[in-house]
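Here are some exercises on strands and their partners, each with a worked solution. Have the model open and try each task before reading on.

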Amino acid sequence: MNTRPNTHLRTPPKRARRFRTKAAGALASMVLATAALAGCSSGGDSDSDSGSASSSAAGSAAGVDGGQDAAAVLADNKESHAGDSDAEWDESDAVAVQLKGDSASVDGDADGATAKGATVTITTGGTYRIRGTLSDGQIVVNAPDQKVKLVLDGAKISHSSGAAIDVTEADEAVVILADGSENTLGDADSYADDAEANAALYSAADLTVTGDGKLTVRGNGNDGIASTDGLVIASGTIVVDAVDDGIRGKDYLIVEGGSVTVTAGGDGLKADNSEDKDSGYVAVGGGTVKVTAEGDGVDAATDLVATGGTLTVESGGGSGTQPSDDASTKGLKAGVINVLEGGTVSVDASDDAVHSDGAVHVNGAKVTAASGDDGVHAEGELTVDKGTLKVASAVEGIEGADISVNGGTVDIRSSDDGINAAGGTSSSGGGGGGGFGGGPGGGGGGESVGDYKLTVTGGTLVVDSEGDGLDSNGTAEITGGTVVVNGPQQGGNGALDVNGDFGISGGVLLAAGSAGMAVAPSTDSEQGWLSATLDSSVPAGTTLHVVDSDGKVLATYVTSKSIQNVVYSSSAVKSGEEYEIHSGGTKAGTGTGGLASSGTLGSAERIATVTAGEAPEGGSGGGRR
């Protein structure tokens, strides 16, 4: 079951808010922390950053099941109000509304709509076709418990003192963009703090935007499009430029199709209901969505789900920009769970590219991420089951308390750790160095071993890091898949860094990096492994072979940087037997992160001989126990 915080924080849609400050984020986190998720385990010691939940709130969200698929998550959320017939309308049944610059007129049933000066007021459910230009006026919908369809057919509306379209009361409002039409909405330059309507297109009821026309929205004073209930973008070409949030639905924001382009001074796409456990979610199921935001690209108070379409996000100026201390600038941010199950997702963020205060599940989407901080970050479970995840650049590639790679393809490039299992509670443990500053080869002592875990059961995982390649502040386990680590060149880090037990019972592991902090799997691992520390570093572009006692090449690897330690494990390695490392020869076949399909020794030179299952000299086998 997908559980989430149920707090009494009042959502603040009524104010002009350009950025969410650290103080505002801290206040929200304090309130969220007052209601722990049912069935969730809380933790301490998790790092906090600008715009994310405090450690206590994140600890409660971190207990969410990270293996949930999109269907399970959406089933626990409020159902979309949109219907298949929303885009349908009959011209003969529509009330004609003609905009005339500084005035307007209404034809048809005068009881349903009236025009007074430059204000058109609609009080009865039905369909209204709006054409023409209002240089300073607005459309007001006040039709309690009724469904109103507004067909924009070449409508251009500007209003200097409020929203261009203001749905003050209705059961549901549908904005239909007539085929081939171009429409424009613009609002006031500013709003009072207590203003009810604070967006160019504002609705106090469920709102749907559909049709095959174009709508350009300029949110001059605050948001572009906003609903205090649910908001669905079904189709059409929609361009939003807003000084604060681009498109905001309180209960939910769903994009089903169309072409959506958002430029926002605040958050791009947003759902901000943190009061109700079945609300506050963002779902992208189709269409083409492009977001450029100074704040968060997509911000969901609870769940963020992508099942189709193309989603492209730049937040906070992108990965080349220093993360802000005054605003949250994450790419895709969820308060509970972030599920990327379908479509193509590209994120370039100054802070975390993909972030959740609870869990992240990559389950079929094609994801590319670049970040000025973490590529993917989860306070709790971070799971990759299907699809592709490419972290093109980041400080840390992926970070979570419990990281599982069960399938798919993961490719990480990071300036610090490639994968870092961190967060949760900790207890006193044995010695170890690596990222915790122990002596060379992991000879330090008294390090803490936390409730963190890194597990690889399948798929392909390639890491290129300048910090630790695979780093677990708790335990690590490899039971399947292919793992290739192009680790650091500097001795203060290692290709492998595990504080607790590090077991391997299946799959293929090739990890190469510096020798100063060399770590190998546990000596009691079910599958054989070897760790070879070379007499001196070999440069990038060197072809290395792992060779058994019969002269058979078990693995061929081409270094991408200078390395001095190599760890290799596969079903062909037998504990207690001797193996050699040769330099030279040739590789053949398609490579995986430098690990070739096959190779030939030729005139290759033997540069090391090791016994499988023996830890490197001065290093650590079996984790840091």
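**Exercise 1.** Find the residue of β48 that stands opposite Leu 544.

*Solution.* Start with strand β45 (residues 543–547) and strand β48 (residues 578–583), which run antiparallel and are joined by 4 bridges. Strands here are DSSP runs of E, at least two residues long, numbered from the N terminus, and two strands pair if DSSP finds at least two bridges between them. Now look across from Leu 544: the residue opposite in β48 is Ser 583. Keep in mind that this is a predicted model, where local features need pLDDT of at least 70, side-chain atom pairs count only at pLDDT 80 or more, and totals for chains, interfaces and linings use all residues. Residues are numbered from 1 along each chain as its sequence is written, and side-chain values use heavy atoms, with hydrogens and water left out.

**Exercise 2.** Work out the strand order of the open sheet with 4 strands, and name its edge strands.

*Solution.* The order is β46-β45-β48-β51, with antiparallel pairing. Next, look for strands that pair on one side only: these are the edges, β46 (553–558) and β51 (605–611).

**Exercise 3.** Which residues of strand β13 (residues 230–233) lie on each side, and are they buried or exposed?

*Solution.* In a regular strand, side chains alternate between the two sheet faces. Gly 230 and Val 232 lie on one side, Leu 231 and Ile 233 on the other, and all are buried (under 20% relative accessible area, with exposed over 50% and partly exposed in between; 1.4 Å probe, protein chains only). Then check the partners: β13 pairs in the parallel sense with strand β10 (residues 206–211) over 3 bridges and with strand β16 (residues 252–255) over 4 bridges. Finally, Ile 233 faces Val 209, while Gly 230 stands opposite Tyr 252 in β16.
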